Amino acid sequence: MRVAPRLDGNAADLLHFYPAMEAGVRHVDDRPARVKRDCTVPADPSASATARRFLQQAAADWNLSPDLTEIAQLVVSELVSNAVEHAGTSSTVVLELSEGELTVRVRDGSTVQPVARPLDMVSFRGRGLPLIDRVSDRWGIVNDDDGKTVWATLRDV
């Protein structure tokens with residue numbers, strides 16, 4: 001029978017005594033600091049549903065909490081809907097998880113800037129950016145010569 005080593009700060013003794021711990025430590029060290037995925041969605045009514053499915057798969061693979069996943073689905077759906085309605089171009093959805101923070105980016109082919117209106121819960125239109133403003137930690141727009149990217153950053157709640 002082996003006796004557990006004293007905890008005197010010698011990590012090598014601990015790793016020798018607990019081989020599974022050594023494998024776990026190696027696994028943690030190999031883990032990427034950041035994970036990123038992207039997909040292109042068409043400029044049609046199915047775009048938001050496609051983007052939500054893409055997000056759901058990434059959330060499952062990355063083991064995101066149900067709350068964060070739900071908020072991220074709202075954000076990606078609103079951003080893609082805006083791209084379809086206002087830009088009329090296909091969009092690239094980029095999801096990036098880094099240090100517990102999920103960033104959702106949607107790039108479209110229009111240089112026309114979105115305008116955030118005051119939130120009006122009875123209106124059927126114009127609620128996307130105000131909602132994103134309320135549920136995200138921060139959001140913004142990056143302009144390109146041939147389009148723009150609207151992004152939002154979310155932390156687990």
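**Figure 1. Helices H4 and H5 cross in a left-handed sense.** A crossing is left-handed if the near helix is turned anticlockwise from the far one by less than a right angle, and right-handed if clockwise. This is a predicted model, in which local features need pLDDT of at least 70 and side-chain atom pairs count only at pLDDT 80 or more, while totals for chains, interfaces and linings use all residues. Residues are numbered from 1 along each chain as its sequence is written, and side-chain values use heavy atoms, with hydrogens and water left out. H4 and H5 pack at an angle of about 150°, and their axes are 10 Å apart. That makes H4 roughly antiparallel to H5. Angles under 35 degrees count as roughly parallel, over 145 as roughly antiparallel, 65 to 115 as roughly perpendicular and the rest as oblique. Axes are lines fitted to C-alpha atoms, for helices over the stretch in contact, and angles run from 0 to 180 degrees between N-to-C directions. From H4, the contact takes in Ile-71, Leu-74, Val-75, Glu-78, Leu-79 and Asn-82. From H5 come Gly-128, Leu-129, Leu-131, Ile-132 and Val-135. Contact means heavy atoms within 4.5 Å. By class, this contact has eight nonpolar, two polar and one charged residues. Ala, Val, Leu, Ile, Met, Phe, Trp, Tyr, Cys and Pro count as nonpolar, Asp, Glu, Lys and Arg as charged, and the others, Gly among them, as polar.

**Figure 2. Helix H5 has a buried set of residues.** H5 spans residues 128-135. Its buried residues are Gly-128, Leu-129, Pro-130, Leu-131 and Ile-132. Buried means under 20% relative accessible area, exposed over 50%, and partly exposed in between (1.4 Å probe, protein chains only). The buried residues of H5 pack against H4, S4 and S5.

**Figure 3. Helix H3 passes H4 in a right-handed crossing.** The packing angle of H3 and H4 is about 150°, with their axes 9 Å apart. H3 and H4 are therefore roughly antiparallel to each other. H3 brings Ala-47, Ser-48, Ala-51, Arg-52, Leu-55, Gln-56 and Ala-59 to the contact. H4 brings Thr-69, Ala-72, Gln-73, Val-76, Ser-77, Val-80, Ser-81 and Val-84. Eight nonpolar, six polar and one charged residues make up the contact of H3 with H4. An α-helix has 3.6 residues a turn, so residues three or four places apart point the same way.

**Figure 4. Five strands form an open, antiparallel sheet.** Their order is S1-S2-S3-S5-S4. Strand S1 (34-41) and strand S4 (138-144) are at the edges; each has a single partner strand, so one side of each is left without a neighbour in the sheet. Neighbouring strands are turned by 15° against each other on average, direction ignored. Two strands pair if DSSP finds at least two bridges between them. Helices (H or I, at least four residues) and strands (E, at least two) are DSSP runs, numbered from the N terminus.

**Figure 5. Helices H3 and H4 lie across the sheet strands.** H3 (residues 47-61) lies across S1 and S2, running at about 160° to S1. H4 (residues 66-87) lies across S1, S2, S3 and S5, running at about 10° to S3.

**Figure 6. Bridges link S2 to S3 and S4 to S5.** S2 (residues 91-98) and S3 (residues 101-108) pair in the antiparallel sense over seven bridges. Leu-97 stands opposite Leu-102 in S3. S4 and S5 run antiparallel and are joined by seven bridges. Ile-141 has Val-150 of S5 as its bridge partner. S4 and S5 form a hairpin, with two residues between them.

**Figure 7. Thr-153 sits in strand S5.** S5 is mostly covered, with seven of its nine residues buried. S5 pairs with S3 in the antiparallel sense over eight bridges. Thr-153 is the bridge partner of Thr-103. Thr-153 counts as buried, at 2% relative accessibility. Leaving out residues up to four places away in sequence, Thr-153 touches Glu-101, Leu-102, Thr-103, Ser-136, Asp-137 and Arg-138.
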